[in-house]
Amino acid sequence: MLKTFFLSKMIVLLIFVTTILNAQNTIPTKLKWSERMALTLMQRHPESYMIDDAKVAHISYVHGLVTYAFQELGKQKKNEKYTAYAKQYADELIDADGNIKTYKFESFNIDNIPTGRILFDIYEQTKDKRYLIAMQTLRKQLEEQPRTASGGFWHKKIYPNQMWLDGLYMGEPFYAEYTVTFENGAKLDDIAHEFELIQQKATDPKTGLLYHAWDESKEMPWANKETGVSPNFWSRSMGWYVMGLIDVLDYFPKDHPKRKELISYLNNISNALVKFQDPSGLWYQVTDMGTREGNYLETSGTAMFAYAFAKGAKKGYLPKKFKKIAEKAFDGITSKFVKVYPNGEIEITNACAVAGLGGKPYRDGSYEYYINEKRKDNDPKVTGPFILAALELNR
């Protein structure tokens with residue numbers, strides 16, 4: 001009898017403690033979406049290297065993207081817990097000598113470069129040379145990165161002669177900030193040339209959209225034998241492209257001769273994309289295929305467009321109407337594809353987990369390929385841009 005009484009008291013105490021802890025961890029719904037998303041990630045991934053369910057710290061563009069968003073959030077909200085979360089990743093990744101864990105220079109993988117973006121602020125604040133050494137290592141990779149005959153960075157060593165739209169985000173914003181910070185802007189023309197090549201080689205003259213990739217050699221089975229482009233338009237690849245453009249423009253002086261050219265590229269692709277925005281505010285996984293069987297409204301590309309359009313309108317690169325277009329996109333995500341849990345955590349659904357071309361198993365870039373790649377809730381490719389878009393829109 002005494003044992004049963006004691007057990008029942010313990011259960012009541014456990015329920016009470018659990019209730020208190022849950023109350024302490026509840027994310028207030030009155031907060032802006034930017035903070036609600038960030039706090040959700042912090043609760044689910046107490047250490048920032050755990051983002052994307054990682055078990056150990058490793059160099060990754062998704063970690064670079066999300067921690068960069070945290071840095072921007074920390075600046076706007078003047079809250080150091082967000083910038084500290086970003087720094088935590090850098091500290092897990094970079095050892096006392098400035099070596100980057102899991103990084104393989106000889107792979108010449110341009111996806112490794114975005115991690116370096118968070119190091120500029122951290123180095124500026126700490127003056128700890130290990131962060132500078134890590135940045136110098138990534139800059140050295142870009143210096144030696146294999147290029148197409150026309151001067152474009154290969155996406156990876158294993159993808160010879162290929163430029164992917166993704167790569168314009170992966171390499172160029174870091175490259176631009178580095179050359180302006182440490183090289184007096186000496187390489188800005190080279191950065192502009194990367195965008196020029198993609199505009200020249202990957203633009204579809206009919207729709208104005210950009211194909212996911214271009215193979216200068218035209219040897220890849222997915223490549224068009226006349227133009228070298230891949231077969232379809234993937235929204236997230238264009239999302240990477242416009243984010244790369246909008247962030248690179250931060251580092252081009254107003255009197256730089258290539259600045260107007262880059263702004264014109266941003267307007268061209270933005271005006272082309274608007275024509276394919278669904279009434280819901282979102283864009284489809286395969287951008288121009290609408291309600292074709294299997295196609296779906298995809299949140300990561302939409303979040304990227306919302307960020308680029310909102311920032312472009314604020315900076316004066318795009319007409320003011322693009323702020324409303326960005327708001328419609330953001331509202332579409334929050335009204336249709338955001339789950340809110342009892343503890344206030346939020347989850348964004350309908351995000352494509354990954355898509356690429358070539359490789360093993362072989363990815364052919366077909367319509368069927370894109371619509372059948374797996375989806376992942378709160379994938380970092382949507383959570384990072386969602387935070388950035390929310391900051392630009394004050395949402």
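In this predicted model, Y175 is buried, with a relative accessible area of 1%. F153 is likewise counted as buried, at 3% relative accessibility. Both values fall under the 20% cut-off.

Aromatic pairing was examined next. The count comes to 22 aromatic pairs. In one of them, the ring centres of F153 and Y175 lie 6.0 Å apart. Their planes meet at 45 degrees, so this pair is tilted.

W283 and F305 form another pair, with ring centres 4.9 Å apart. Here the planes stand at 70 degrees, so the pair is edge-to-face. This pair also links distant parts of the chain: W283 lies in strand β3 (residues 283-284) and F305 in helix α11, 22 residues apart. W283 and F305 are both buried. Elsewhere, ring pairs join F120, F174, Y178 and F182 into a cluster.

The axes of α11 (residues 299-315) and α12 (residues 321-336) come within 8 Å and cross at roughly 150 degrees. The two helices are therefore roughly antiparallel. The crossing of α11 past α12 is left-handed. On the α11 side, the contact is made by T299, T302, A303, A306, F309, A310 and A313. On the α12 side, F322, K323, I325, A326, A329, F330 and I333 take part. By class, this contact has 11 nonpolar, two polar and one charged residues.

Terms used: Residues numbered from 1 in each chain as written. Predicted model: local features only at pLDDT ≥ 70, side-chain atom pairs only at ≥ 80, totals over all residues. Heavy atoms only, no water. Axes fitted to C-alpha atoms, helices over the stretch in contact; angles between N-to-C directions. Helix = DSSP H or I, 4+ residues; strand = E, 2+ residues; numbered from the N terminus. Parallel < 35°, antiparallel > 145°, perpendicular 65-115°, else oblique. Left-handed = near helix turned anticlockwise from the far one by under 90°. Contact = heavy atoms within 4.5 Å. Nonpolar A, V, L, I, M, F, W, Y, C, P; charged D, E, K, R; others polar. Phe/Tyr/Trp six-rings, centres within 6.5 Å; stacked < 30°, edge-to-face > 60°. Buried < 20%, exposed > 50% of the residue type's maximum accessible area, 1.4 Å probe, protein only.
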